[in-house]
Amino acid sequence: MTRFENKTVIVTGASSGIGAATARRFGREGANVVLVSRTQSKLDKVAEDIPSAKVVPADLSTMEGVATAAKAAREAFGQVDVLVNNAGTAVTGSIEDVDEDGFAEVMETDVTGVWRLTKALWGDLKATKGNVVMTSSVSGIGGDWNMHAYNAAKGAVTNLTRALALDARNSGVRVNAVNPSFTKTELTSDMLENDELVAKFMERIPLGRPAEPEDIADVIAFLASDDARFVNGVNLPVDGGLSASNGQPPQA
């Protein structure tokens, strides 16, 4: 497929995991891809697999990093058609354990940075009648044990998606989000090494496996494409059936 030929797609958090898989997916579909993350060496590696790519190292938790990313993305290929807000971080611990710096880091990266970059590129997206896809999480729909900072941040992204879809009224811009569950990424590498914990997750995911980054990337590409032209303001669980449950454990 070449659904994104002659279109420019910005992917944040593109150096690994869901972001890298998403950047590669758009590249396979003919897009010019702007890859944004903190580590240039990792971005360069991902860019090797994409025919038309621009690497932009930037820290999106800062105003300076957002300004750098927005300017470079705008100038790279002359237009912006899709913004994939995927960059994110997390801290674990109860409210007694997480300090101000840890909480602030999650909010600045997962919420404020997302808002700033979307705002910076909003005019560009209106000009192309483009769209935004957020990477939220099932953790933005319900709570987790010892993940209150991440829950607060992803809950904000979940509702920001809905509100921006309303703000975009009559502009032609669409705003949607994916809400993945347990996915094989660097962020979950420690969890994946804990067989007992993985088994507990598998009890609650009817498809019986963690998501691969490509499972999420494919849905992001769908939401960004004209195939989803009448999908707007949606938070789409990509969770193997996790959210189909009422939360009670398996009984057979």
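**A colleague's note on the predicted model**

1. To start with the overall make-up, the protein's secondary structure comes to eight helices and seven strands. Please keep in mind throughout that this is a predicted model.

2. On overall dimensions, the C-alpha trace spans about 55 × 40 × 40 Å along its principal axes. The radius of gyration is 17 Å, which agrees with the value near 18 Å that a compact globule of 252 residues would have.

3. Seven strands form an open sheet in the order β3-β2-β1-β4-β5-β6-β7, and the pairing is parallel. At the edges sit β3 (53-57) and β7 (235-238), each of which pairs on one side only. From one strand to the next, the twist averages 15 degrees.

4. Do have a look at the pairing of β1 with β4. Strand β1 covers residues 8-12 and strand β4 residues 82-85, and the two pair in the parallel sense over three bridges. Within β1, Val9 stands opposite Val82 in β4.

5. Two helices deserve a comment for how they sit on this sheet. Helix α4 (residues 100-128) packs on the sheet and touches β1, β4, β5 (131-135) and β6 (174-180). The direction of α4 makes about 175 degrees with that of β4. Helix α3 (residues 63-77), for its part, lies across β1, β2 (32-37) and β3, and α3 runs at about 165 degrees to β3.

6. How many cavities of 30 Å³ or more are there? The count comes to one, and about 40 Å³ of space lies in this largest cavity. Its lining consists of Thr12, Leu60, Asn85, Ala87, Thr109, Gly113 and Val114. Helix α4 gives the largest share of that lining, with three residues. By class, the lining has three nonpolar, four polar and no charged residues.

Definitions and conventions: Residues are numbered from 1 along each chain as its sequence is written. This is a predicted model: local features need pLDDT of at least 70, side-chain atom pairs count only at pLDDT 80 or more; totals for chains, interfaces and linings use all residues. Side-chain values use heavy atoms; hydrogens and water are left out. Two strands pair if DSSP finds at least two bridges between them. Helices (H or I, at least four residues) and strands (E, at least two) are DSSP runs, numbered from the N terminus. Axes are lines fitted to C-alpha atoms, for helices over the stretch in contact, and angles run from 0 to 180 degrees between N-to-C directions. Contact means heavy atoms within 4.5 Å. On a 1 Å grid over the protein atoms alone, a cavity is a set of points where a 1.4 Å probe fits but cannot get out, and a pocket is an open set with protein on both sides within 12 Å along at least five of seven lines; lining residues have an atom within 4 Å of a point. Grid points are joined across faces, edges and corners, and a volume is the space filled by probe spheres set on the points. Ala, Val, Leu, Ile, Met, Phe, Trp, Tyr, Cys and Pro count as nonpolar, Asp, Glu, Lys and Arg as charged, and the others, Gly among them, as polar. The radius of gyration is taken over C-alpha atoms; the globule rule is 2.2 Å times the number of residues to the power 0.38.
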